[in-house]
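Here's a quick tour of the model to read alongside the sequence. Let's go chain by chain and see what's there.

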Amino acid sequence: MATRHQKTLARLMVSPSVLLLLGWMIVPLAMTLWFSFQSYNLLSPGMEQFIGWTNYQYFLSDPAFWTAMRNTLLLVGGVLVITVGGGIALALLLDQPMFGQGVVRILVIAPFFIMPTVSALVWKNMFMNPVNGLFAWFAKAVGAQPIDFLAQYPLMSIILIVSWQWLPFATLILLTALQSLDSEQMEAAEMDGAGTLAKFTHLVLPHLSRAITVVILIETIFLLSVFAEILVTTNGGPGYQSTNLTYLVYSQALLQFDVGGASAGGIIAVILANIVAIFLMRMIGKTLE
Amino acid sequence: MSMMLRGLMGACAVTALTLPAMAETLTIATVNNGDMIRMQKMSKPFTDANPDITLEWVTLEENVLRQRVTTDIATKGGQYDIVTVGNYEVPIWARQGWLLPLEDMGEEYDAADILPPISAGLSVDGKLYAAPFYGESAMIMYRTDLMEKAGLTMPERPTWEFIYDAARKMTDKEAEVYGICLRGKAGWGENMAFLTSMAHSYGAPWFDKDWKPQFSGEKWKKALTDYVTIMNEAGPPGASSNGFNENLALFQTGKCGMWIDATVAASFVSNPKESTVADKVGYALAPEGEKPQMWLWAWTLAIPSSTDAPDAAKKFVAWATSKAYTEQVAAAEGWANVPPGTRTSLYENPEYQQAAPFARPTLDSIMSADLQNPTSVEVPYIGTQWVGIPEFQALGTSVGQQFSAALAGQASVDQALQMAQQIAEREMAKAGYPK
Amino acid sequence: MARNISQSRRWGFTILAWGAALVIFFPILWTILTSFKTEADAIASPPKFLFFDWTVENYAEVQSRSPYFRHFMNSVIISVGSTLLGLVLAIPAAWSMAFQPGRRTKDLLMWMLSTKMMPAAGVLIPMYLMFRSFGLLDSRLGITVVLMLINLPIIVWMLYTYFREIPSEILEAARMDGASLRNEILHVLTPMAVPGIASTLLLNVILAWNEAFWTLNLTTSKAAPLTTFIASYSSPEGLFYAKLSAASTMAIAPILILGWFSQKQLVRGLTFGAVK
């Protein structure tokens, strides 16, 4: 009896959040869905009409679409590899005995607090600029030709900037996980004469797997919608080389003011996001239980 | 005590009642260009003369500004009372009924003084819909010392061939001197402004009379090939991310031999406070091909029809684009720094002619720009370095991305043109041209 | 002997870690340094690290162009407000999800998180139209609610993972003692959950502080936070590195300092239940 009462109460308590989230999802989603079947351009008002699947056709056949898909995956994948790999290395390093560990941790965590717009502006202008940037000066100092990062390696440069922002996050989570590693187990392994590598692969890595999963999950959610960094640095170019799906939708919505086309793009992106979510859920479900 | 309290509350109530009627807040959306930032700093005389008007400045980067303002105006959001827009948008927006006509600007305003090509571009059916804050055309700014060193003399209006030849001779990559700086950053108002006007000069239009895109034509190919070739040989590194501002910084720090760009840059490159080469800058008219390269741009102040303070807004617009404002800037910062390119009277002012060596070529460039006939063949659109249709922003930027990729070496000229043609055909079909 | 080895190892790790930390921190340090240079020094080649004419004129210039304090206050109100509002909604939801899980709880959580992946630009115009109809454009209330909704999935999920680690036996015991549900939450659950709630709060204040799409598009001046303050320093005319640096420093300093002071609390919640 008490349980039923408790359950009803539980439902009641979830409902405000869930209803709000539902509203947040459904109202714009319904509007977006509606607009996606309309020919609706903000710049030519009064021409709205139902046009069926045309917007979807145009979005899917856009020469930028597949490039954007590929870039989205490369961006997410690239940043994940760098931050998880670098995060493990840094976490292992920070876990060692040293002087001034607190200060080191403060320095390492700092990029996580920086606004994406600011970090993109700073990297673009003060580091990657091929004439006045620090990297250019460094290249010239060692007698090399300065590299024009954002023109020649646009996607790689963006991956670098985004990785810099997310590396602290990965490091912190992994470090916390590392610190909970049973030291007795480690000592026992040492007694057995296990080498550093063996200890790492047999003891440390399995222990970190949960933390790694969480890092991947959280980062993926944010990385799928990376936008400010692209807008500030390359505007998706040159060509479509650094256009991801979010940026493609943005360019439809706010450069072309094609509300219909952008809505179709938004719907497609939501569908893709849900596919990713299902995939992630499987992965999480296995590790987190 | 309670008396005092009541009295205070009463006073508050009176203020609260009278405030809305008296004080008006004008929200002004503007672009982060030097002249606009100066306007913000110099607006004290206006607020002193109109204590009932408070000014709120929203200064944004050009693309963000355009996106914000367009969204707001098209949805009638009413967030802005005054917007900074270009002469590309003004006729399109005026026809949609999004802007208020600027009539009765006061006796001293003297609308007839505005340069004819500029005011024609801002009028629809004979009514002015935006007041020009500054106007610009394109010209060549070059380093007289480097030109001399290369053993060349700049003609009054050179040919494109002369430019290419001079650019090669002036280049000294060891010393970080690049013969020519041109826009390469993708955007309809960035690289496509330059490339559209250059192609027009080569006799290559965007569309033929039936709105068919023309990127597969030979003349486009020649124009783009010349552009990519010279930029690779004599341009600065990273040119594909250089827009107006980046090139300005390059020129000011002495890294460019020549720079073909908006005339408004002249007052920055010749300002010794900002420019290390201020005393070595020469000016010439934009190059000549089948037609001279034409360019006409004006940053203007317009009033959205969704404003709730049209009268105050008009008052401000009239003040900011008046002769008196020009004199105020001249008194504070010298004649060379006044907003150029809008009024005939400025170019007749001997003090200005004295202070601004670039006055003559600027005026000549503006007066020679013909929005109706930008190229050697007949076109269905107006515009010199842009095409006056609403779709151009998006289309120009997409095409600009392709040309930027060609400049960065990520695509060949042929590939870029082919992509441009495809994109343009697609977008025009989607938008339902010919209309 | 062993002591010596460990001492030299300690020094080795110290040098390595400090090196890595300085490389990671360098962009921020460089921005702060540049903000005190003149524009000419900011692009000087070779770069000037410490020996230049220190000046604060960039800060004065930035301040004269836009009222920093108002943007700062807006940032504070919006980020803290949206987080507190989010917590009020999320705590009961996460509580019941953690202690009364249904068959679909996991799915519900995942779906909540997936709403975060929706590209904001795709729904901007519908949102803008809605905001206009409700008169919420450029209002702190409107943008606070939007940011709350954006971060709500993360808040719910963080709290959920944190609450789940509270042993339910304690709750059972409290219930045996005849505590009402309200008391259960107030006196038993909350004290145990405070660290988790604190870190959730911190992380979400940071996320809301740095949100740059909705804040830029739905506010104009009165409600505009620091993200719009910085938007006018992206590629202006002429030399701008020093001014950009000064504006950047002003925009990031408050959150950086908050983050540093509270990093211990933050780290605890950042683990998302990843550490057992």
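First, a term to keep in hand: pLDDT is the predictor's confidence in each residue, on a scale from 0 to 100. You'll want it because this is a predicted model.

**Confidence in chain B**
- Chain B averages a pLDDT of 89, with 95% of its residues at 70 or more.
- Residues 1-21 of chain B are another story, with pLDDT below 50.

- An unreviewed UniProt entry marks "transmembrane region" at residues 12-37, 73-94, 106-123, 155-178, 211-233 and 253-280 of chain A.
- Take residues 73-94 of chain A: the span is 100% helix and 0% strand, and its end C-alpha atoms sit 30 Å apart.
- Residues 106-123 of chain A come out at 67% helix and 0% strand, with 21 Å between the end C-alpha atoms.

**Two domains in chain C**
- Chain C splits into domain 1 (2-59) and domain 2 (66-270).
- Between the C-alpha centres of domain 1 and domain 2 of chain C there are 32 Å.
- Where they meet, 11 residues of domain 1 of chain C are in contact with 8 residues of domain 2 of chain C.
- On the domain 1 side of that contact in chain C, α1 (2-34), α2 (39-42) and α3 (57-65) each supply at least two residues.
- The largest share of that side, 3 residues, comes from α1(C).
- By class, the domain 1 side in chain C has 4 nonpolar, 5 polar and 2 charged residues.

Methods
Residues numbered from 1 in each chain as written. Chains lettered and ligands numbered in written order. Predicted model: local features only at pLDDT ≥ 70, side-chain atom pairs only at ≥ 80, totals over all residues. Contact = placed C-beta atoms within 7 Å. UniProt positions renumbered as here; feature names shortened; annotations may be inferred. Helix = DSSP H or I, 4+ residues; strand = E, 2+ residues; numbered from the N terminus. Domains from an automatic or database assignment. Nonpolar A, V, L, I, M, F, W, Y, C, P; charged D, E, K, R; others polar.
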